[in-house]
Amino acid sequence: MGKKELKTNAMRILDRYKIPYEYQTYECGEFVDGITIADQAGLPHDRVYKTLVTTGKSGIHYVFVIPIASELDLKKAARSAGEKSLEMLPVKELTAVTGYVRGGCTAIGMKKAFPTIINETARCLDYVYVSGGRLGMQLKLAPGDLKRAAGAEYADVIF
């Protein structure tokens with residue numbers, strides 16, 4: 001067999017749930033943005049979703065998984081989370097809160113289970129790509145499986 005297979009926490013969770021997935025690695029010196037990553041990895045923009053972390057007025061963190069070319073609508077997102085308002089988690093706090101680095105953050109296997117919402121556009125796709133839990137890795141899986149592994153719900157949260 002040779003070299004030990006690279007497993008992230010997200011992949012171990014998918015394995016535990018017996019959820020089928022494929023992973024793809026790519027060279028990534030420094031994270032720029034999701035579109036650049038999709039281009040580097042040769043992935044279709046409409047299938048690649050980014051993971052964003054927010055903090056509600058209540059102090060609770062919420063995770064949103066949205067298409068890379070879209071922007072999170074904080075008003076819709078707050079409504080879907082049952083919060084008065086949300087703000088983006090400062091990047092410098094991302095690793096401490098989630099256990100993941102910017103560009104390697106995924107909704108599966110964070111330090112704690114946070115309420116997670118996947119934009120409803122994913123619902124009608126047969127597969128999506130999300131970060132694999134580290135820079136330079138993407139996971140390909142069915143949106144319903146992502147929803148199950150992340151304990152997520154679907155909602156319209158983009159502009």
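The legends below describe close-up views of a predicted model. Local features need pLDDT of at least 70 and side-chain atom pairs count only at pLDDT 80 or more, whereas totals for chains, interfaces and linings use all residues. Residues are numbered from 1 along each chain as its sequence is written, and side-chain values use heavy atoms, with hydrogens and water left out.

**View 1. The hairpin of strand 6 and strand 7.** Strand 6 covers residues 128-131 and strand 7 covers residues 137-141; helices (H or I, at least four residues) and strands (E, at least two) are DSSP runs, numbered from the N terminus. The two strands pair in the antiparallel sense over four bridges, where pairing requires that DSSP finds at least two bridges between the strands. Across the pair, Ser 131 stands opposite Gln 138, and Tyr 129 stands opposite Lys 140. Five residues lie between strand 6 and strand 7, and Gly 133 in the turn has a positive phi of about 105°.

**View 2. Strand 7 beside strand 1.** Strand 7 also pairs with strand 1, in the antiparallel sense and over four bridges. Thr 25, placed in strand 1, stands opposite Met 137 in strand 7. Four of the five residues of strand 7 are buried, so strand 7 is largely enclosed by the rest of the structure. Here buried means under 20% relative accessible area, exposed means over 50%, and partly exposed lies in between (1.4 Å probe, protein chains only). Thr 25 counts as partly exposed because its relative accessibility is 46%. Thr 25 and Arg 134 are 109 residues apart in sequence, and their C-alpha atoms are 9.7 Å apart in space.

**View 3. The rings of Tyr 127 and Tyr 129.** A pair of aromatic rings is described by the distance of the centres and the angle of the planes. A search of the whole structure finds one aromatic pair. This pair is formed by Tyr 127 and Tyr 129, edge-to-face, at 5.7 Å centre to centre and with 90° between the planes. Rings of Phe, Tyr and Trp (its six-membered ring) pair if their centres lie within 6.5 Å; planes under 30 degrees apart count as stacked, over 60 as edge-to-face and the rest as tilted. Tyr 127 is partly exposed, with a relative accessible area of 22%, while Tyr 129 counts as buried at 9%.

**View 4. Charged ends over the ring of Tyr 127.** The charged end of Arg 47 sits over this ring, 4.2 Å from its centre. The charged end of Lys 140 also sits over the ring of Tyr 127, 4.2 Å from its centre. A charge sits over a ring if NZ of Lys or CZ of Arg is within 6 Å of the ring centre and within 35 degrees of the ring normal.

**View 5. The second largest pocket.** About 190 Å³ of space lies in this pocket. The elements that give two or more residues to its lining are helix 1 (9-16) and helix 5 (143-150). The lining has 15 residues, of which Ala 107, Gly 109, Ala 113, Ala 149 and Ala 150 lie nearest the centre of the pocket. By class, the lining divides into ten nonpolar, three polar and two charged residues. Ala, Val, Leu, Ile, Met, Phe, Trp, Tyr, Cys and Pro count as nonpolar, Asp, Glu, Lys and Arg as charged, and the others, Gly among them, as polar. A pocket is an open set of points on a 1 Å grid over the protein atoms alone where a 1.4 Å probe fits, with protein on both sides within 12 Å along at least five of seven lines; lining residues have an atom within 4 Å of a point. Grid points are joined across faces, edges and corners, and the volume is the space filled by probe spheres set on the points.

**View 6. Lys 18 in the loop between helix 1 and strand 1.** Phi of Lys 18 is near 60°, a positive value in a residue other than glycine. Most residues other than glycine have a negative phi. Lys 18 is exposed, with a relative accessible area of 71%.

**View 7. Leu 94 in helix 4.** Helix 4 spans residues 91-98. Leu 94 is buried, with a relative accessible area of 11%. Leu 94 and Cys 105 are eleven residues apart in sequence and 8.5 Å apart in space, C-alpha to C-alpha.
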